[in-house]
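Reader: I'd like to learn how to read salt bridges and surface patches. Could you walk me through them?

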Amino acid sequence: MFGMATGALVGFVTLPMDVVRTRIVTQPLKYQGVRRTVRLLLKEEGVLSLFKGARYRLPKEAIESGLFFVVYENAQRLLSRKEDNNDFGT
């Protein structure tokens, strides 16, 4: 549960920079540099333009992060049990 929340939070926080990067890469003549791109986006499209794609990215990030932590914790438990079984009292 916390893994999913963490993934969604990280996705939300990093989304504006990904939007800026995407604009710079796809439209290099219009958007040149991070500061200029941010100012232009805010001026022409408003604050919400920095969060375009959030509807698709946040659930994806939440699911990926949640699955990662479930797999990680189960693998850790499994490996811990194998180490206990291989311990011959040394």
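Reader: Which side chain meets Glu73 in a salt bridge?

Author: Side chains of opposite charge can pair when their charged atoms come close. A salt bridge here is a side-chain nitrogen of Lys or Arg within 4 Å of a carboxyl oxygen of Asp or Glu. Glu73 meets Arg77 that way, at 4.0 Å from N to O. A heads-up: this is a predicted model, where local features need pLDDT of at least 70, side-chain atom pairs count only at pLDDT 80 or more, and totals for chains, interfaces and linings use all residues. Residues are numbered from 1 along each chain as its sequence is written, and side-chain values use heavy atoms, leaving out hydrogens and water.

Reader: Why are Glu73 and Arg77 separated by about one helical turn?

Author: Because they sit four residues apart in helix H3 (residues 54–85); helices are DSSP runs (H or I, at least four residues), numbered from the N terminus. Salt bridges with shared partners also join Asp18, Arg21, Arg57, Lys60, Glu61 and Glu64 into one network.

Reader: Is Glu61 buried or exposed?

Author: Buried means under 20% relative accessible area, exposed over 50%, partly exposed in between (1.4 Å probe, protein chains only). Glu61 has 19%, so it's buried. Its salt bridge partner Lys60, 3.8 Å away between the closest N and O atoms, is partly exposed at 41%.

Reader: How many salt bridges are there in the whole structure?

Author: Nine. One of them pairs Lys52 with Glu45, with the closest N and O atoms 3.0 Å apart.

How values were computed
Helix = DSSP H or I, 4+ residues; strand = E, 2+ residues; numbered from the N terminus.
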